[in-house]
Amino acid sequence: MLQSAEHEVARSWLDGALAGFAADNEDLVRPTCALLASIVAAPARHARMINTLSLLEHMGSHKIMATQHSVGIDQATLKHVAEEANHAYFMKRQAEKTAERPLEYIAQDLLAPAAARMYFQRLETAMVRTLGARRSGRAVYLYMSMIVEFRALWFYGLYQQTLQHARHALSLKRILGEEQAHLDDMAARLEATGELDEARVTAFLGTERALFARLLGALERASA
Ligand SMILES: [Fe+2]
Ligand SMILES: [Fe+2]
């Protein structure tokens, strides 16, 4: 486990980074909230979106398992993979409750699945390319997780607001708490290994923003 000093250094860096992320994504708030409100109001479509979130959480947990399996795998990584797998389960359960039927990860049960998969894969490809072969798979795992957590927190935060506004029974509070902890943890672990590089984070967040904007457009078209 990490010392609190690393958490503190990472935490103060993160506060600034989160504020920067919010500012850089300000123009995406309105279209995202409009999309979420229209989806939440239509249960069948809402179920497909929740199932898509389940797919993304599942892809995330699978990715960690597929790349982090050395004998030195630590508690933090095992906790992370367990929580992401649990998010996939939670979302699947909510999706099926909303749909009132079993749902699979197939096109008719998902919303813009090709774009959702592409978001994840293109982001990872960009990171592997930038970090290069000389970097450990651990650095790719930590960066990928950290960048995705910025978006997860932002998106789930807006989704939670939308649900509350619609007086919907679904609550994302526990997931939001865990995603926040993951973000803190990834930043602290990168800081601890001397890998936390601000310019690199800024570049990755720029790539992520462009990929998310494309995913948003695909979701808008899928639910039009
Ligand atoms: Fe998650
Ligand atoms: Fe997470």
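An axis here is a line fitted to C-alpha atoms, for helices over the stretch in contact, and angles run from 0 to 180 degrees between N-to-C directions. Helices (H or I, at least four residues) are DSSP runs, as are strands (E, at least two), numbered from the N terminus.

Now the ground rules. This is a predicted model: local features need pLDDT of at least 70, side-chain atom pairs count only at pLDDT 80 or more, and totals for chains, interfaces and linings use all residues. Residues are numbered from 1 along each chain as its sequence is written, while chains are lettered from A and ligands numbered from 1 in the order in which they are written.

Let's start with helix pairs. Two packed helices are described by the angle between their axes and the distance between the axes.

Take H3 and H5. Their axes lie 11 Å apart, at an angle of about 25°. H3 and H5 are therefore roughly parallel (under 35 degrees; over 145 is roughly antiparallel, 65 to 115 roughly perpendicular, the rest oblique). Their crossing is right-handed. Who makes the contact? From H3, Thr52, Leu55, Leu56 and Met59; from H5, Pro113, Ala116 and Phe120. Contact means C-beta atoms, placed from the backbone, within 7 Å. By class, that is six nonpolar residues, one polar and no charged. Nonpolar covers Ala, Val, Leu, Ile, Met, Phe, Trp, Tyr, Cys and Pro; charged covers Asp, Glu, Lys and Arg; the others, Gly among them, are polar.

Next, H3 and H4. H3 spans residues 43-67 and H4 spans residues 75-99. Their axes come within 8 Å and cross at roughly 160°. That makes H3 roughly antiparallel to H4. This crossing is left-handed. Its contact residues divide into 13 nonpolar, eleven polar and three charged.

On to the core. In soluble globular proteins, nonpolar side chains tend to be buried together. A nonpolar core is a set of buried Ala, Val, Leu, Ile, Met, Phe, Trp, Tyr and Cys residues joined through C-beta atoms within 7 Å. Buried means 20 or more other C-beta atoms within 10 Å of a residue's own; exposed means 12 or fewer; partly exposed is in between.

The largest core here has 49 residues. Which of them touch the most other members? Tyr143, Met144, Met146, Ile147 and Ala187. Helices giving two or more residues to this core include H1 (4-24), H2 (26-40) and H7 (173-192). The largest share, eleven residues, comes from H6. Met144 touches Leu123, Glu124 and Met127, leaving aside residues up to four places away in sequence.

Now some single residues. Phe155 lies in helix H6. Phe155 counts as buried, because it has 20 C-beta neighbours inside 10 Å. Phe155 and Tyr105 are 50 residues apart in sequence, and their C-alpha atoms are 21 Å apart.

Two loop residues next. Ala112 sits in the loop between H4 and H5. Its phi is near 50°, a positive value in a residue other than glycine. Arg167, in the loop between H6 and H7, has a positive phi too, near 55°. Buried or exposed? Ala112 is buried, with 23 C-beta neighbours inside 10 Å. Arg167 is exposed, with 6 other C-beta atoms within 10 Å.

Last one: Ser38, in helix H2. Ser38 is partly exposed, with 15 other C-beta atoms within 10 Å. Ser38 and Gly217 are 179 residues apart along the chain, and 14 Å separates their C-alpha atoms.

Technical notes: Left-handed = near helix turned anticlockwise from the far one by under 90°. Contact = placed C-beta atoms within 7 Å.
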